[in-house]
Amino acid sequence: MTVLAYRTELVPILWNFIKRCHENEMWSSLSEQSAYLPIGTPGWLLPLSVFCPVYKHMLMIVDNEEFYDQEKPLSLTEIRLLIVILRQVLWQILWLNPIATPDFSKSANGSSAMKRHPVEFLQHRVCMVASELMSQLQDWNNRREFTSPSDFNADGANEIFMSQAMTENSRASDILKQAPFLVPFTSRAKIFNSQLATKKETNGAHVIFTRHRFKIRRDHILEDAFSQLNALAEEDLRGMIRITFVNEFGVEEAGIDGGGIFKDFMENITRAAFDIQYGLFKETSDHLLYPNPGSGLVHEQHLQFFHFLGTLLAKAMFEGILVDIPFATFFLSKLKQKYNYLNDLPSLDPELYRHLIFLKHYGGQVSELELYFVIINNEYGEAKEEELRPGGKNIQVTNENVITFIHLVANHRLNIQIRPQSSHFLKGFQQLIPRDWIDMFNEHELQLLISGSVDGFELEDLRAHTNYSGGYHEDHYVIQMFWEVIRSLSLANQRKFLKFVTGCSRGPLLGFKYLEPTFCIQRTAGNASEELLDRLPTSATCMNLLKLPPYKSKQHMGDKLLYAINSDAGFDLS
């Protein structure tokens, strides 16, 4: 495949042919000229069955400069047209004109299967390779956007499609498995929420009779949670868990956990566990988290902790609790059991990536650089040499094998170094969230499911889903002032406000209708004395509650609110 991709002009020649046929509407005439396909067969079957796998292989090898800047082997404009063609082809095969396909995976001889069922075989083949290529192009678009994400969506994913999508073995459910990008992200997110709701309902009978209560010391939250929750079976993890906090003096904190204390627990334990100071995770230069390759030097039970943290993240998603944890894309790919390639390396180690690209385009004899197939791992001052292939310390890097060396280095840093940690994290995660639910989403979308929308929030949507207590109501003058103040804030301060009251700076993916519990504004300082009105607003993030004194003016309210959200002053858990 590498020979076809790099040592021939097959990709540009085939692409020019495909583009010409598409623009001149020549597809129908191709099947009439083919000796292998019946008349009426889509003319794009043969060229796409060859083009897609070769171009897909090429995209695994090209670097970011070649793809985005030099636009090789196809320009970004041509890639946008390719996306349109592949989208139309896949929608036609999977939804508009599906045909019964034999199980070619059981056929020992692919060529004989093609002779017996030529059209079905080619449709199956094109569907598979076109879907893989589209997924790869979507990954490139997520790294640096060159087309609208909606360009990957088919036009026909309507209500009829959605009604079928939850039915197993329907055409719509097959599309979600084979080509999920054809369905808009919000539609897939709704399906995901429906799957969660259905799972909770089926688990409901068990929940009624089983309720696990745990005492957790606030100053030992991770250790206590690990020792107690880690012993729960899968079915119990899906059930109701209630928390009683024990303060630093060993006294149980007052309050009955109706769900709010558990949310507070989830916010605090994720903040502690994923803190880089704890040693299980590191962060990239962009402050994105990934497993610490040297975690075993910090914690003896590090792999058990990773299993537990995977379960913890899945529990947050299962309960609809957003956690403000930004993961590195190359780590999120491990939740999808995907392989990372050279073009993922800049997010982890941009300096190493630059060195490898320098090697790739080195004009002289690479052997003069005295490099060998080894890599030095340096964790906490402990340097360890590892061979990139058996006998690597005796294999010199030359012009002939430099590409192999480059990809082995990237593979070591992106896949091998964090494999044990990622594997245990995944096992814990899949205790609650099955793989086929996650496979509907790419890594960028998965981060949105974990942390919510990055685009701020719709103020009117929040207002429409807000409750009031303590004497406040929608038409109260203080509430009218409050919404005017929030509307006047910058986007950055609106996000800080949201984090102040909910614990997460991002709004729920499908709107505040899905925020649990519903946002509430409660009146405090009932007698409105001057001394009490000088108090700051406070919040209880475990209840998504804002405690707001009845300030007399917008200026006063705005000043107090800005001070509170920018300093976390006045924060309490009542």
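Which residues do ring pairs link into a cluster? Select F274, F281, F306, F327, F331 and F425: ring pairs join these residues into a cluster. Bear in mind throughout that the model is predicted.

Stay in the cluster and keep F274 and F327 on display. The aromatic pairs in the model come to 31. F274 and F327 form one with edge-to-face geometry, 5.5 Å centre to centre and with 80° between the planes. This pair links distant parts of the chain, its residues being 53 residues apart. To place F274, show the loop between helix 15 (260-273) and strand 3 (281-283). For F327, show the loop between helix 17 (302-318) and helix 18 (329-335).

Next, select F497 and F519, an edge-to-face aromatic pair with 6.2 Å from centre to centre and 90° between the planes. Here too distant parts of the chain are linked: F497 belongs to helix 26 (residues 491-502) and F519 to strand 8 (residues 519-523), 22 residues apart. F497 and F519 are both buried.

Now turn to charges over rings. Select R218 together with F245: R218 lies over the face of F245, 3.8 Å from the ring centre. The last stop is R389 and F373. What sits over the ring of F373? It is the charged end of R389, at 5.0 Å from the centre of that ring.

Definitions and conventions: Residues are numbered from 1 along each chain as its sequence is written. This is a predicted model: local features need pLDDT of at least 70, side-chain atom pairs count only at pLDDT 80 or more; totals for chains, interfaces and linings use all residues. Side-chain values use heavy atoms; hydrogens and water are left out. Rings of Phe, Tyr and Trp (its six-membered ring) pair if their centres lie within 6.5 Å; planes under 30 degrees apart count as stacked, over 60 as edge-to-face and the rest as tilted. Helices (H or I, at least four residues) and strands (E, at least two) are DSSP runs, numbered from the N terminus. Buried means under 20% relative accessible area, exposed over 50%, partly exposed in between (1.4 Å probe, protein chains only). A charge sits over a ring if NZ of Lys or CZ of Arg is within 6 Å of the ring centre and within 35 degrees of the ring normal.
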